[in-house]
Structure formats: C-alpha cells, structure tokens
Amino acid sequence: MTITFYEYPKCSTCQKAKKWLKDQNIDFQAVHIVENPPTKAEIREAADKAGLELKKLFNTSGMKYREL
C-alpha cells in the first residue's frame, strides 16, 4: 500500500517526516501541498482514519494558517 504524503518541501518537519518514511521503507507518494492541495473530503477522511480532530492536521502556528 502506498500512502499520500502531503508536504511543503521547505518545511523542516516535513523533511524529517519524509526521511522517517524512507528509513522505515514505507511506500509513499509525495505531493506538494501548495501546488496540489487535498480536497475537503480527503482532509476529513484523513482525520477520521487517524482518529484526530480536524484541527490537528494543520500547522495552526504557521503564518499561512493564521493569515487565512
């Protein structure tokens, strides 16, 4: 199974997560989140599968989040 990994390539946290996925030999498809953002349905599905509240999927301290 291949997972979709949404990333902002310049983000150090994303880079660390990507390295971890590679180190664990986990198949993933990296998608630039700004160029190809997930749909609302995909975000809700991810939150449901992870058992997290929706807000936990966002960098709420980031400038773009606060701007929007």
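Here is a short walk through the structure shown above.

This is a predicted model, in which local features need pLDDT of at least 70, side-chain atom pairs count only at pLDDT 80 or more, and totals for chains, interfaces and linings use all residues. Residues are numbered from 1 along each chain as its sequence is written, and side-chain values use heavy atoms, with hydrogens and water left out.

Let us begin with confidence. The predictor's confidence in each residue is called pLDDT and runs from 0 to 100. Across the protein chain pLDDT averages 92, and 100% of the residues score at least 70. Confidence is highest in strand E2 (residues 28–32), at a mean of 97, and lowest in helix H3 (residues 63–67), at 82. Helices (H or I, at least four residues) and strands (E, at least two) are DSSP runs, numbered from the N terminus.

Now to the cysteines. A disulfide is a pair of cysteine sulfur atoms within 2.5 Å, and this structure holds zero of them. Cys 11 is in no disulfide, and its nearest cysteine sulfur is that of Cys 14, 3.5 Å away.

Cys 14 has 15% relative accessibility, so it counts as buried, whereas Cys 11, at 25%, is partly exposed.

Ser 12 is partly exposed, at 43% relative accessible area. Asp 27 is 15 residues from Ser 12 along the chain, and their C-alpha atoms are separated by 20 Å.

Methods:
Buried means under 20% relative accessible area, exposed over 50%, partly exposed in between (1.4 Å probe, protein chains only).
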